[in-house]
Amino acid sequence: MKVITIGRDPECNIVLDDNLISRRHAVLRLHGTGKIEIIDYSSNGTFINGTRIVSNTPLKIHRKDAVSFAHAKTLDWSQIPDPSRKPRMIILIVFIASVLVTIAGIVVSHLPASKSDSGASQDIEVYENTEQPAQGNGNATAKPDGTTAQPEKPNQEEASSSDIKLAPDSRILNEVDRKKREQIEREKKKKEEEAKRKQEAEAKAKKEAEAAKAKKEAPRRRGTM
């Protein structure tokens with residue numbers, strides 16, 4: 001709580017230079033919640049909105065009230081700090097900070113993973129792969145007692161299952177090759193037929209040209225005879 005003294009005394013927080021004003025005319029109490037109280041200690045009185053208040057008795061007032069001291073001076077509210085502004089500013093600052101933190105979190109969550117993280121994951125995968133021993137390489141390994149351990153033979157069921165899985169793929173490839181060969185044969189046959197028809201057409205045209213030529217030359221031969 002903050003106390004503001006008002007009066008003619010130079011030591012008061014707000015000095016009012018008038019003979020009607022008492023040396024310690026009134027006191028304002030400013031609470032942190034924004035509540036304002038006034039206490040009158042004067043002989044000529046303190047008036048709130050034109051009504052004189054009871055002396056030595058705290059009275060709650062508001063910043064919109066008109067406060068007069070002995071009808072000689074009025075209270076300038078611009079000289080009175082507003083305690084409620086500080087909490088409002090703090091709340092506003094906290095709200096803005098929380099919004100900025102939320103936005104920053106959203107932006108960071110949408111950023112791609114850094115190269116260092118991806119490199120570390122790749123190193124872990126390589127390490128795990130190198131830790132696993134090679135199996136089924138067909139080489140015997142030596143035991144500490146001098147004997148050799150035979151390599152494990154692959155399971156026949158696993159081998160047969162792999163063959164079964166590969167069989168459909170081979171059939172599909174064979175079918176594709178067969179269709180491709182058939183298409184090539186059809187195209188080849190079609191080209192041969194076109195070439196044959198072209199040759200026949202050329203031969204026919206040649207015969208017709210020779211017949212026409214012979215027909216033209218026949219009257220000339222008769223005339224010479």
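These are my notebook entries on a predicted model, taken topic by topic.

**Ground rules**

I number residues from 1 along each chain as its sequence is written, and my side-chain values use heavy atoms, with hydrogens and water left out.

**Overall layout**

I started with the secondary structure and got three helices and eleven strands. Helices (H or I, at least four residues) and strands (E, at least two) are DSSP runs, numbered from the N terminus. Read from the N terminus, the order is β-β-β-β-β-β-β-β-β-α-α-β-β-α.

Next I looked up burial: of the 225 residues in the protein, 17% are buried. Buried means under 20% relative accessible area, exposed over 50%, and partly exposed in between (1.4 Å probe, protein chains only).

For contacts I used heavy atoms within 4.5 Å. Among those between residues at least 6 apart in sequence, 30% join residues at least 24 apart.

Accessible areas are from the Shrake-Rupley method with a 1.4 Å probe; for residues, only the protein chains shown count as cover.

**The five-stranded sheet**

I traced an open sheet of five strands in the order β2-β1-β3-β4-β7, and its pairing is mixed. Two strands pair here if DSSP finds at least two bridges between them. The edges are β2 (14–15) and β7 (59–61), each of which pairs on one side only.

I then checked how β4 (residues 36–40) meets β7: they pair in the antiparallel sense over three bridges. Within β4 and β7, I38 stands opposite L59.

**The four-stranded sheet**

A further open sheet has four strands in the order β6-β5-β8-β9, with antiparallel pairing. I noted β6 (51–52) and β9 (73–74) at the edges; each has a single partner strand, so one side of each has no neighbour in the sheet. Strand β5 (residues 46–48) pairs with β6 in the antiparallel sense over two bridges, and F47 stands opposite R52 in β6.

**T46**

Which residues does T46 touch, leaving out those up to four places away in sequence? I listed H25, A26, I38, D40, T51, R52, I53, V67, S68 and F69. T46 sits in strand β5 and counts as buried, at 0% relative accessibility.

The side chains of T46 and H25 also make a polar contact of 3.4 Å. For that term I need a pair of N or O atoms within 3.5 Å; within protein, one must be able to donate a hydrogen and the other to accept it, and residues adjacent in sequence count only if both atoms are side-chain atoms.

**Positive phi**

N56 is in the loop between β6 and β7 and is exposed at 56% relative accessibility. A70 also has a positive phi near 60°. A70 lies in the loop between β8 (67–69) and β9, but it is buried, at 10% relative accessible area.

**Salt bridges**

How many salt bridges does a search of the whole structure find? I got four, taking a salt bridge as a side-chain nitrogen of Lys or Arg within 4 Å of a carboxyl oxygen of Asp or Glu.

One of them joins D9 and R23, with the closest N and O atoms 3.6 Å apart. The pair links distant parts of the chain, 14 residues apart: D9 is in the loop between β1 (2–7) and β2, and R23 in the loop between β2 and β3 (26–30). D9 is buried at 18%, whereas R23 is partly exposed at 48%.

I also found R29, K35 and E37 linked in a network. R29 to E37 is 3.9 Å between the closest N and O atoms, and K35 to E37 is 3.2 Å, N to O. E37 is buried at 12%, while R29 is partly exposed at 28% and K35 is partly exposed at 33%.

**Nonpolar patch**

Last, I looked at a nonpolar surface patch of about 830 Å², made by L92, F95, I96, V99, L100, I103, V107, V108 and L111. Patches are made of residues with over 30% relative accessible area and no salt bridge: like charges are joined within 9 Å, nonpolar side chains (Val, Leu, Ile, Met, Phe, Trp, Tyr) within 5 Å. I placed V99 in helix α1 (residues 85–109), where V99 is partly exposed at 33%.

Definitions and conventions. Predicted model: local features only at pLDDT ≥ 70, side-chain atom pairs only at ≥ 80, totals over all residues.
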